[in-house]
There are 2 protein chains.
Amino acid sequence: MRVTEDGSRAPQQDRSRATRQRLLEAAVDCLAEVGWTGSTVAVVAERAGVSRGAAQHHFPTREDLFTAAIPYVTEQRIAGLAERLGTLPAGRARTAAVVDMIGAMFTGKLFRAALQLWVAASSDEQLRAQIVPLEAQLGRECHRLVVDALGADESVPGVRESIQATLDMARGFGLANLLTDDSKRRARVLSVWADALDRALAG
Amino acid sequence: MRVTEDGSRAPQQDRSRATRQRLLEAAVDCLAEVGWTGSTVAVVAERAGVSRGAAQHHFPTREDLFTAAIPYVTEQRIAGLAERLGTLPAGRARTAAVVDMIGAMFTGKLFRAALQLWVAASSDEQLRAQIVPLEAQLGRECHRLVVDALGADESVPGVRESIQATLDMARGFGLANLLTDDSKRRARVLSVWADALDRALAG
């Protein structure tokens, strides 16, 4: 709890922020589980244990709610990932570990939620206009994270494209894992890919 | 027109088959453009220029229609692709051409339609049960097509996984291309990947 001069408004601000965060987390859970059509602000509010009025105070429309939820949860994941990646020793084992983490990141709940939003936006011009700049920004942050984690030198020919290929592949794994558990096959492909990427990084 | 012994039923059978094919093609167009929620049998029938009654005679439910449409159009694409791939000279240029064709296959209308169906199935148990075996079969056919086109020897360590990686990457390209034109970036990544795949094929 923050301490302020008047000592009275901070708890209310904290509660408001906590409510907002609960709504954002619940929005991602909902979207991943019941899809875009079923994920109304009312459904998310109920799941978050927040009154419908309070939910609509924070997010007047579900477009507002979901275009805030996906980057919020993504930034959290990226921060968590960055922390873990920073502890890995350099070399081939690190490349394999980074590749594994990327594979895991694109097959979880957050990917399923984002996929619902992308597909909804593909036939909804207004939603698309909100999603496209957001996706571009998250894509750049993800790419930067992987470059840093690998200690990659993108001035070496082919390195930048190999890192992009890794992220494209991870997105493909996410789709392949949508309806069935694809983890065994994915582990085999990622193992071969980590070796190929390690060679590409060496130039 | 087929000639039969009684000479009278063949035109009607041909008309029925043509109606069915028009519905299947229109179903994929519809699904790719307006999404799963908006793609009812009635909407598809209107687009195909077929009466609602005739459409429901062929496909009682929209699950019937779409689980028939995706494999029908996919088989057609695979057949077309197999024909083109068969004419390519062996070697590095063929690898690049095959990789390009796979990239193109996963970014078109058929991919957009299939994506809508996958995402709908992810929160619909009944649809999922119909889609999973169908996807597994098409996945195997696609893999076989690429192995044949590349003249790849899957007993060489890493070759099978490298071909799977190519298809996973192509699925990822499809997603990256959903909301914006990603063709320039994709071409650069595919060009670097074609070289890496060519080295992997050589063992």
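A salt bridge is taken here as a side-chain nitrogen of Lys or Arg within 4 Å of a carboxyl oxygen of Asp or Glu. In the predicted model, the side chains of Arg92(A) and Asp195(A) meet this criterion, with an N to O distance of 2.9 Å. The pair links distant parts of the chain, since Arg92(A) lies in helix H5 (residues 92-105) of chain A and Asp195(A) in helix H9 of chain A, 103 residues apart. Arg92(A) is exposed, with a relative accessible area of 53%, whereas Asp195(A) is partly exposed at 27%.

Over all chains, the structure holds 22 salt bridges. One of them joins Arg47(A) to Glu33(A), with the closest N and O atoms 3.1 Å apart. Because Arg47(A) belongs to helix H2 (residues 41-48) of chain A and Glu33(A) to helix H1 of chain A, this pair ties together parts that are 14 residues apart in sequence. Both partners are partly exposed: the relative accessible area is 40% for Arg47(A) and 45% for Glu33(A).

The contact between the chains was examined next. Chain A and chain B each contribute 35 residues to the contact. The area buried between chain A and chain B is about 3,000 Å², and carbon and sulfur atoms give 69% of this area. On the side of chain A, the residues that lose the most area to chain B are Asp168(A), Leu175(A) and Leu179(A), which together account for 21% of what that side buries.

Polar interactions also span the interface. Seven residue pairs are in polar contact between chain A and chain B, counting pairs with both residues at pLDDT 80 or more. At least two residues of the side of chain A that touches chain B come from each of helices H1 (9-38), H6 (109-121), H7 (125-150), H8 (159-176) and H9 (183-202) of chain A. H8(A) gives the most, with eleven residues. By class, this side of chain A comprises 18 nonpolar, ten polar and seven charged residues.

Two salt bridges are found across the interface of chain A and chain B. Arg185(A) forms a salt bridge with Asp168(B), the closest N and O atoms being 2.7 Å apart. Arg185(A) counts as buried at 17% relative accessibility, and Asp168(B) likewise counts as buried, at 0%.

Key: Residues numbered from 1 in each chain as written. Chains lettered and ligands numbered in written order. Predicted model: local features only at pLDDT ≥ 70, side-chain atom pairs only at ≥ 80, totals over all residues. Heavy atoms only, no water. Contact = heavy atoms within 4.5 Å. Buried area = accessible area lost by both parts, 1.4 Å probe. Polar contact = N/O pair within 3.5 Å; in protein donor to acceptor, adjacent residues only side chain to side chain. Helix = DSSP H or I, 4+ residues; strand = E, 2+ residues; numbered from the N terminus. Nonpolar A, V, L, I, M, F, W, Y, C, P; charged D, E, K, R; others polar. Buried < 20%, exposed > 50% of the residue type's maximum accessible area, 1.4 Å probe, protein only.
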